[in-house]
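Reader: I would like to go through this model with you before I use it. Could you take my questions one by one?

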Amino acid sequence: MIDRIMEAFCALLLLATVVIAFLAVIFRYVIGSSLSWSFEATVALLTYLTFIGSYLAMRKNAHLKVEVLVARLPASAHGPIYFFNQLVIAAIAVVMIAYGLRQTLLFAKQTSLVMEVPLWVLYVIIPASGLLILLQALVELANGWRRWRRGEPLFAPGEPDAAATKGQ
């Protein structure tokens with residue numbers, strides 16, 4: 001259910017980005033007057049789309065990956081590689097949370113130049129998505145541990161992870 005909501009939200013963000021960019025082109029080249037706010041709005045929408053999309057891609061196990069090396073290793077090596085991978089993701093999420101909160105607080109009282117939107121609104125997506133990614137990495141670690149203890153494969157090259165697609 002959460003995947004569907006996130007997909008719909010990402011679709012709305014993308015639609016809004018395309019509409020604003022299209023209107024900006026029409027106003028600039030057809031009407032002869034630019035939309036001063038269009039660049040800031042597009043950057044903000046694309047930023048949110050990027051960070052929410054990265055969380056959604058993690059939930060769906062859809063990030064780009066190179067599986068050639070893992071496929072050539074013995075099955076006994078898959079567990080340590082899987083857990084190391086999830087720990088690296090969790091560490092990156094912690095960095096996103098820490099530095100994202102720092103940036104959010106640093107720019108909390110400032111506003112954007114044209115739209116005068118508080119900058120914390122633009123920066124808060126970084127620690128928020130970091131928190132979501134961290135929670136998902138912890139869920140993946142727990143699910144992976146259970147699969148590993150039962151002797152189930154942790155990697156299925158070329159196919160989505162069964163745990164990631166279970167909630168759809």
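Author: The conversation below covers confidence, a helix, salt bridges, aromatic pairs and a loop residue.

Reader: What is the mean pLDDT of the chain?

Author: This is a predicted model. Its chain has a mean pLDDT of 88, and 92% of the residues reach 70 or more. Over residues 159-168, however, the pLDDT is below 50. That stretch has 14 contacts in the model beyond near neighbours in sequence.

Reader: Let us turn to α1. How far apart are its end C-alpha atoms?

Author: They are 42 Å apart. Helix α1 has 30 residues, which at 1.5 Å a residue should span 44 Å, so the two values agree.

Reader: Which residues of α1 are buried?

Author: Asp3, Met6, Cys10, Leu13, Thr17, Ile20 and Ala24 are buried in α1.

Reader: And what do the buried residues of α1 pack against?

Author: They pack against α2 and α6, the latter covering residues 125-149.

Reader: How are Arg4 and Glu7 placed in helix α1?

Author: Arg4 and Glu7 are three residues apart in helix α1 (residues 2-31), so about one helical turn separates them. In general, an α-helix has 3.6 residues a turn, so residues three or four places apart point the same way.

Reader: Is Arg4 buried or exposed?

Author: Arg4 is exposed, because its relative accessible area is 55% and the exposed class begins over 50%. Glu7, at 27% relative accessibility, counts as partly exposed.

Reader: Which lysine forms a salt bridge with Glu7?

Author: Lys60 does, and the closest N and O atoms of that pair are 2.8 Å apart. Lys60 is partly exposed, with a relative accessible area of 22%.

Reader: What about Arg150: which residue is its salt-bridge partner?

Author: Arg150 forms a salt bridge with Glu152, and the closest N and O atoms are 2.9 Å apart. Arg150 counts as exposed at 54% relative accessibility, whereas Glu152 is partly exposed at 34%.

Reader: Which residues do shared partners join into one network?

Author: Salt bridges that share partners join Arg4, Glu7 and Lys60 into one network.

Reader: On to the rings. How many aromatic pairs does the structure hold?

Author: The structure holds five aromatic pairs. In one of them, Phe83 and Trp148, the ring centres are 5.7 Å apart and the planes stand at 75 degrees, so the pair is edge-to-face.

Reader: Why does that pair tie together parts that are 65 residues apart in sequence?

Author: Phe83 lies in helix α4 and Trp148 lies in helix α6, so their pairing ties those parts together. Phe83 is buried, with a relative accessible area of 15%, whereas Trp148 is partly exposed at 40%.

Reader: What does Trp145 do with Trp148?

Author: Trp145 and Trp148 form a tilted aromatic pair, 5.3 Å centre to centre with 50 degrees between the planes. Both lie in helix α6, three residues apart, about one turn of the helix. Trp145 counts as partly exposed at 42% relative accessibility.

Reader: Which residues do the ring pairs link into a cluster?

Author: Tyr82, Phe83, Trp145 and Trp148 are linked into a cluster by ring pairs.

Reader: One last item: where is Leu73 found?

Author: Leu73 is found in the loop between α3 (68-72) and α4 (75-106). Leu73 is partly exposed, with a relative accessible area of 28%.

Reader: Which residues does Leu73 touch, not counting those up to four places away in sequence?

Author: On that basis, Leu73 touches His78 and Ile81.

How values were computed. Residues are numbered from 1 along each chain as its sequence is written. This is a predicted model: local features need pLDDT of at least 70, side-chain atom pairs count only at pLDDT 80 or more; totals for chains, interfaces and linings use all residues. Side-chain values use heavy atoms; hydrogens and water are left out. Helices (H or I, at least four residues) and strands (E, at least two) are DSSP runs, numbered from the N terminus. Buried means under 20% relative accessible area, exposed over 50%, partly exposed in between (1.4 Å probe, protein chains only). Contact means heavy atoms within 4.5 Å. A salt bridge is a side-chain nitrogen of Lys or Arg within 4 Å of a carboxyl oxygen of Asp or Glu. The expected span of a helix is 1.5 Å times one less than its number of residues. Rings of Phe, Tyr and Trp (its six-membered ring) pair if their centres lie within 6.5 Å; planes under 30 degrees apart count as stacked, over 60 as edge-to-face and the rest as tilted. pLDDT is the predictor's confidence in each residue, from 0 to 100.
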